[in-house]
Amino acid sequence: MAQVFISHASVDFAIAERLSAWLRAAGHRTFLDHDLESGLGVGDIWARRLFEELYEADALVAVVTDAFGQSPWCAAEVGIALANRLRLLPVRVDTHVDHRLISNEIQWTDLDGDGESARAALLEALRRLDGVDSGPWSADLTVYPGLAAFTAGQARIFFGRAAESRQLAERVRAQAGPRTDELVLVIGPSGCGKSSLVRAGLAPHLAADPQWLVLPPLVPAAREKATALSSLASLLAVEGRRGLAWRTDALVDALDDPGEITRLLEVLLDAAGARRLLLIVDQAEELLVETSEEQQILFASVLREAVRGPARVVATARSEFVHPLMSLASRTRLPVDTFSVRPLSPQTLPLIVTGPARHAGIEVDDELVARLVADTGSGDALPLLAFVLGELAAGVPRGGALSAQHYERLGGVRGALVQQANRALSDAAREGGRTRREVLDSLLQLITIDDHGQFTRRRVPLDDLPPLIRADLRFFVNRRLLTIHRPASDPPGGEARSGGEAGEDGRPGRGDDGGSAIGAGPGRGLQTGTTGWRARGILGRRRAPGAGAAQPTGDAADTGQVIAIAHEQIVTAWPPLADVIQASTARLRLGAQALDAAGHWAQEGHPASHLWDADRARRAEHTLGGRATFPNSPGCSWPRAGGAGGFNGDGSPSFSPRHSSRRA
Ligand SMILES: Nc1ncnc2c1ncn2[C@@H]1O[C@H](COP(=O)(O)OP(=O)(O)OP(=O)(O)O)[C@@H](O)[C@H]1O
Ligand SMILES: [Mg+2]
């Protein structure tokens, strides 16, 4: 239940108490600023307590009267509430009063008659505030959600994305203009915070507007045996239960005709007294896996009808799934507008540590913040920072502090990383039927050695990796240890707008594995538990029992994507990989030399003078062991002499004599 701060002028105390009684009767906790004044002198203590109470609150109910408008204290309380993104719930008592809280931007209510409508409006607003999928957030709960995405109920501890939240809200609202039929697809690299942005940034923005009804997020593969459509039906049934007595099975039947969604949404809106509806489809890529093509098309068609009707649909997906999703949209004539999310900038990282701590009344000293930020390095490693913060704050009470000693004990961001990496390795070996060494060898593809002998990560185009290796790496992507980017083509946060008609061929990006971007591998289900991210099927096609290695699949969806290690420390800090790297120094060095030479050779226009002699090339081929363990670099060819002409002109290396002679 929510913690509600009731702001009122002293003369309106009786009214405030009445509102407080309503809320308490419904199970909410309330705080009246009058409580502070009794027994406390106005001054530092008062101000501090006030601050604390406001930070702890989920919402501020303002008793708007003439006296309220004239009170500097009330103005200060509203100012703090706005700064902390508390939900504002003004109750207008004097109907003539002119106050900035009584505006179209904010959901306010009149206290008239017996007060019943004001009471109902307040309780409904608080019910929505609790975040339907997350349960209520209160100061008793953890301050940092760990690896899980933020939820609507955690909006008050969600920092660092204010600008994007606003931009996205504007984009969604703007669609309420002439072009009303686009689905907004929020895209970005894995783990950059897409789900959090939509759930804790966008949703509360719109929920604060009385014209909008915001449904809880729908995750296509959230439940076993549920289709995206049946998940949508049960979500509507929950919303429709109050007063409409909807049943899930009946709704599933009804949605067999996609046009029915419009009617259903209109009934919902009518019942809620709202005009527009926000439907969030989180992890939309899950729609592409273990879902028959027929079901995919039906679901996309329902979304198309929904956006043609009163709904705005906002979906999130990792960048690498954009192509097959666009293709599905194109086939179902569902227009799509993309919104790109970039990783958080390093300058924002301190805020995401201190903001929630301050809100929860937990101390965190500057030195620890600086260490956390430095150890994290970049926004790419955000989930690791989030993970370690969750561990650090677990069990810390209000008034407590995040401790540097605890951070040491956890092994810092690095310790969290090691734990995650160990789990990913075990999953990949167990679920993929691979040896640990094979999995580690797959990771070696993402590492190189520089001129100073330093091992460092390198970005590799997904297209250059064989399916088995990509399948191994997917486990690390899901644990957020690797990230996949579309280099240079993701425009800055929130500014991308692409027409909805992408995917010219009108077909899914893949064949029978339904569009999984890099997972042609033998993976099975993977539950990362705390993340709520289900990779069941994201890895693509399952290997039949007893079958050998996974078969390669088409790579259309991967085009332009690069994969890289999210955190440089994984190269040195994770013992299993560090050992394999050490043991592979010669191979990595040779690989780096070969790539370097190939790059120069290509740059110079492929002169024969840059070619390696046959002996050297043969020795290198032998050491590197062929393409399966050493992918090519884009635009580079292997500079070897031999055969007729002696080198490939197609951008792929010819490590094996068989290849080179065939190509020659
Ligand atoms: N603004 C933020 N402040 C602090 N932590 C954040 C923020 N945004 C996201 N996180 C954390 O980063 C991690 C990834 O967030 P989220 O799940 O929202 O990303 P995503 O892009 O949806 O990931 P995926 O690609 O797996 O769907 C989570 O641990 C989440 O708690
Ligand atoms: Mg997500």
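Ligand 1 lies between domain 2 (160-340) and domain 3 (346-399), because both domains give residues to the shell around it; the domain bounds come from an automatic or database domain assignment. This is a predicted model, in which local features need pLDDT of at least 70 and side-chain atom pairs count only at pLDDT 80 or more, while totals for chains, interfaces and linings use all residues. Side-chain values use heavy atoms, with hydrogens and water left out.

Around ligand 1 there are 23 residues, of which G146, A148, K194, S196 and R318 come nearest (a residue is near if one of its heavy atoms lies within 4 Å). Helix 8 (194-207) and helix 16 (382-393) each supply at least two residues of this shell, helices being DSSP runs of H or I with at least four residues and strands runs of E with at least two.

Oxygen atoms of ligand 1 lie 2.7 Å from a polar side-chain atom of R318, 2.9 Å from a side-chain N or O atom of Q283 and 3.2 Å from a polar backbone atom of L147. Of the 620 Å² of accessible area that ligand 1 has on its own, the protein covers 97% (Shrake-Rupley method, 1.4 Å probe).

Q283 also takes part in the metal site, where its OE1 atom and OG of S195 coordinate the magnesium ion (ligand 2) at 2.0 Å; donors are N, O and S atoms within 2.8 Å of the metal, or 3.2 Å for Na, K and Ca, and sites may look incomplete as water is not among the atoms. Because S195 lies in helix 8 and Q283 in the loop between strand 8 (276-281) and helix 12 (293-308), the pair ties together parts that are 88 residues apart in sequence. S195 is buried, with a relative accessible area of 9%, and Q283, at 15%, also counts as buried (under 20% relative accessible area, with a 1.4 Å probe and protein chains only).

How values were computed
Residues numbered from 1 in each chain as written. Chains lettered and ligands numbered in written order. Polar contact = N/O pair within 3.5 Å; in protein donor to acceptor, adjacent residues only side chain to side chain. Buried < 20%, exposed > 50% of the residue type's maximum accessible area, 1.4 Å probe, protein only.
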